[in-house]
Amino acid sequence: VAITTRLLVSHLSGIRHYEKDITKVKEEKEKANRALKLTKPYQDKEQKEKEGKGIEKTDSVKPRKEHEGEVKSQNSKPGRRDKEFEQEEYYLKEKFESVIESLKIFKNDPLFFKPGDQFLYSTYGFTLLSAVVERVSGQKFTDYMLKMFRDLDMLSTVLDDNEAMIYNRARCYVYNKKGRLVNAPYVDNSYKWAGGGFLSSVGDLLKFGNALLYSYQAGQFKNTNGKLLPGYLKPDTVTMMWTPVPKTEVSWDRDGKYAMAWAVVEKKQQYGCCRQQRHYASHTGGAVGASSVLLILPEELDSEAIDAGLVAPPRGVVVSIICNMQSVSLNSTALKIAREFDKEKWAQ
């Protein structure tokens, strides 16, 4: 079989996640599919009732199960232990000198399905992606990423290295089996830098979101007489990253599909004066003792304002939330915040 970088970045490679037993993975997927089929008729009925009354359903993303980036997390309850966090590999303490070396964890394991056939969220797929970056760039993956973060002015974003002295590093917390708050256990992230090995701040994630939003919109501002600097990425690149990929799914947003390392909801409205689905991109993040989300809601640009030079990119809302607590669902909160800011903008 052939595994491309596109398959890796959309989690269609067939490479396993933390669970090694393919039977358990299939059972979980079947259980999730059955649950979705059972809830869908109710959701459709509920939606039609709201549409009939002309009411917008604002709480449109009630999470079923959240990947939280690299973990399947549910609405947090004290003492709840997600199956993801029960996997031994999640708590690896071994230090790897390079991402190439860390491939030994899974490189001899069988694929769970033929690449391109099914969606399976895989942190190890991103470990393999980081090895591709390392070979193509000729640099250590971590060096390559830190240079990119510097270009983006994300000066607080660093490796989550236990040995390093990092100014303002937060303590991380989890609930134990008795429902008590305790310090998160020690782990070494060198086996998964790309999938969950960086520390950042809310401010840095906002810079990252705005850089992507600027790059996405820059191509629409054509009559700027060279005054507008190019984006960090080409507009077509971000458009490609934010285009839903077939055969994918998103557990933390029922309106969304997976794209390239992002969950994407497309613009849609079926009936007049009824619920509108805005275009936005998001991703949750989860690690031992921490949860996060980054959501980007681009503004629907007015062509006259663009041509008249009255506005410049980035235009829209970027929401970033970081919580030093394990298994906290944040995507629906981020979407509500984005909608409030968006509503306020249009009210002005």
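**Figure 1. Ser130 is found in helix α4 (residues 123-137).** The model shown is predicted: local features need pLDDT of at least 70 and side-chain atom pairs count only at pLDDT 80 or more, whereas totals for chains, interfaces and linings use all residues. Residues are numbered from 1 along each chain as its sequence is written, and side-chain values use heavy atoms, with hydrogens and water left out. Helices (H or I, at least four residues) and strands (E, at least two) are DSSP runs, numbered from the N terminus. Ser130 has a relative accessible area of 2% and is therefore buried, a term that denotes under 20%, with exposed meaning over 50% and partly exposed the range in between (1.4 Å probe, protein chains only). The Ser130 side chain reaches the backbone oxygen of Thr127 at 2.5 Å. This is a polar contact, that is, a pair of N or O atoms within 3.5 Å; within protein, one must be able to donate a hydrogen and the other to accept it, and residues adjacent in sequence count only if both atoms are side-chain atoms. Apart from neighbours within four places in sequence, Ser130 is in contact (heavy atoms within 4.5 Å) with Val99, Phe141 and Ala194.

**Figure 2. Five strands form an open sheet in the order β5-β6-β7-β8-β9, with antiparallel pairing.** The edges are held by β5 (257-258) and β9; each has a single partner strand, so one side of each is left without a neighbour in the sheet. Helix α7 (residues 202-218) packs on the sheet, where it touches β8 and β9, and its direction makes about 150 degrees with that of β9. Helix α10 (residues 331-347) also packs on the sheet, touching β7, β8 and β9, with its direction at about 145 degrees to that of β9. For these angles, axes are lines fitted to C-alpha atoms, for helices over the stretch in contact, and the values run from 0 to 180 degrees between N-to-C directions. Two strands are taken to pair if DSSP finds at least two bridges between them.

**Figure 3. Strand β7 (residues 280-287) is joined to β8 by seven bridges and runs antiparallel to it.** Seven of the eight residues of β7 are buried, so the strand is largely enclosed by the rest of the structure. Three bridges join strand β6 (residues 263-265) to β7, again in antiparallel fashion; the bridge partner of Ala263 in β7 is Ser282. Towards β8, Gly286 has Ser291 as its bridge partner, and Ala287 stands opposite Ala290. The hairpin of β7 and β8 has two residues between the strands, and Gly289 there takes a positive phi near 90 degrees.

**Figure 4. Strand β8 (residues 290-298) has seven of its nine residues buried, so this strand is largely enclosed by the rest of the structure.** Eight bridges connect β8 to strand β9 (residues 316-323), and the two run antiparallel. Leu294 has Ser320 as its bridge partner in β9, while Leu297 stands opposite Val317 in β9. In a regular strand the side chains alternate between the two faces of the sheet.

**Figure 5. Ala218 has its place in helix α7.** Ala218 is buried, with a relative accessible area of 13%. When neighbours within four places in sequence are set aside, Ala218 is in contact with Leu228 and Pro313. Ala218 and Tyr232 are 14 residues apart in sequence, and their C-alpha atoms are 10.0 Å apart in space.

Figure 6. A disulfide is counted when a pair of cysteine sulfur atoms lies within 2.5 Å. The cysteine sulfur closest to that of Cys273 is in Cys274, at 6.8 Å, which is too far for a bond. Cys273 is exposed, with a relative accessible area of 73%. For Cys323, the closest cysteine sulfur is in Cys172 at 9.3 Å, likewise too far for a bond. Cys323 is partly exposed, at a relative accessible area of 21%.

Figure 7. Of its 348 residues, 43% count as buried. Among contacts between residues at least 6 apart in sequence, 68% join residues at least 24 apart. The protein exposes about 19,200 Å², of which carbon and sulfur atoms supply 53%. Accessible areas come from the Shrake-Rupley method with a 1.4 Å probe, and for residues only the protein chains shown count as cover.
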